[in-house]
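Hi everyone, thanks for making time for this. I'd like to walk you through one model today, so please have a look at the screen.

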Amino acid sequence: MKTTFSTIIFILLHVNSFAQDSFKKLPQAANTSCPILLVDEHIIANKNIITSKEDIEEIGVIKDKPSRKAHFHNLTANGILFAKLKKKIPFKTQTQLNAFFNLEENNPVYVNGYLLEHDTYTIATESIATIDLVMPNEENDLDQKVINVWIISQEERKNGCSLQQME
């Protein structure tokens, strides 16, 4: 009896730990291995923002998936790079993007189909490829209209990201 009880507890804890590791995303979320670049801890960008080695002050790669408590957990679905750059990156806040689409300022914002779970994240204007206004329907299970900012191109969504050599 004690072994059965211990086994049930172990299974419940194991299932619960994997359930918390899921990502909050739209059905049309990018299904590629294109990593997100997080510049200066709050600006979401793509790899094209770095044009030369001289732009980089510091760079790092996340090795392990962070816990759900990390503000950037949902951004790690396809990998994440952290960078501190020497140049200033122009960006839009989530509030500015929502205002442009006449949505409430605290409306949820998605990047490449993944929910931004923290409102301090901004998006590099140079990295914005497309913005979709996503309407609620049975497939996406949304309660309200949301915007999805694509920082990868149609080609990258279809074929994945290519590595480029930097000079």
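Let me start with a question: how many aromatic pairs does the structure hold? Keep in mind that this is a predicted model. The answer is two aromatic pairs.

Let's take phenylalanine 23 with tyrosine 114. Phenylalanine 23 is partly exposed, at a relative accessible area of 22%, and tyrosine 114 counts as buried at 8% relative accessibility.

The other pair is made by phenylalanine 100 and phenylalanine 101. This pair is edge-to-face too, at 5.3 Å centre to centre and with 80° between the planes. Phenylalanine 100 is exposed, with 67% relative accessible area, and phenylalanine 101 counts as partly exposed at 23%.

While we are on rings, please find tryptophan 150. The charged end of arginine 157 sits over the ring of tryptophan 150, 3.9 Å from the ring centre.

Now to the sheets. Tyrosine 114's strand, E7, is part of an open sheet of four strands, and the order there is E7-E6-E10-E9, with mixed pairing. Which strands are at the edges? They are E7 and strand E9 (130–134), each of which pairs on one side only. E9 runs antiparallel to strand E10 (residues 146–150), and five bridges join the two. If you want a landmark there, leucine 133 has isoleucine 147 in E10 as its bridge partner.

Let's move over to E1, which has two pairings to show you. With strand E4 (residues 80–85), E1 pairs in the parallel sense over four bridges, and leucine 38 stands opposite phenylalanine 82 in E4. With strand E2 (residues 43–45), E1 runs antiparallel, joined by three bridges. Here leucine 37 has alanine 45 in E2 as its bridge partner.

Which way do the side chains of E1 point? Ile36 and Leu38 point one way, and Leu37 and Val39 the other way, and all are buried.

Please zoom in on the hairpin of E1 and E2, where three residues lie between the strands. Two backbone angles are worth a look. Aspartate 40 has a phi near 50°, a positive value in a residue other than glycine. Aspartate 40 counts as partly exposed, at 30% relative accessibility. Glutamate 41, also found in the loop between E1 and E2, has a positive phi near 70°. Is glutamate 41 buried or exposed? Glutamate 41 is exposed, with a relative accessible area of 68%.

Leaving aside residues up to four places away in sequence, leucine 116 touches Ile44, Leu75, Gln94, Val109, Tyr110, Val111, Tyr121 and Ile123.

Last stop: how many disulfides does a search of the whole structure find? It finds one. The disulfide is formed by cysteine 34 and cysteine 161, with their sulfur atoms 1.8 Å apart. And what is its handedness? The torsion about the S-S bond is about 115°, so the disulfide is right-handed. Cysteine 34 lies in the loop between H1 and E1, and cysteine 161 in the segment after helix H3 (154–159), so the pair ties together parts that are 127 residues apart in sequence. Cysteine 34 counts as buried, at 2% relative accessibility, whereas cysteine 161 counts as partly exposed, at 27%.

Key: Residues numbered from 1 in each chain as written. Heavy atoms only, no water. Phe/Tyr/Trp six-rings, centres within 6.5 Å; stacked < 30°, edge-to-face > 60°. Buried < 20%, exposed > 50% of the residue type's maximum accessible area, 1.4 Å probe, protein only. Lys NZ or Arg CZ within 6 Å of the ring centre and 35° of its normal. Pairing = 2+ DSSP bridges. Contact = heavy atoms within 4.5 Å. Disulfide = S-S within 2.5 Å.
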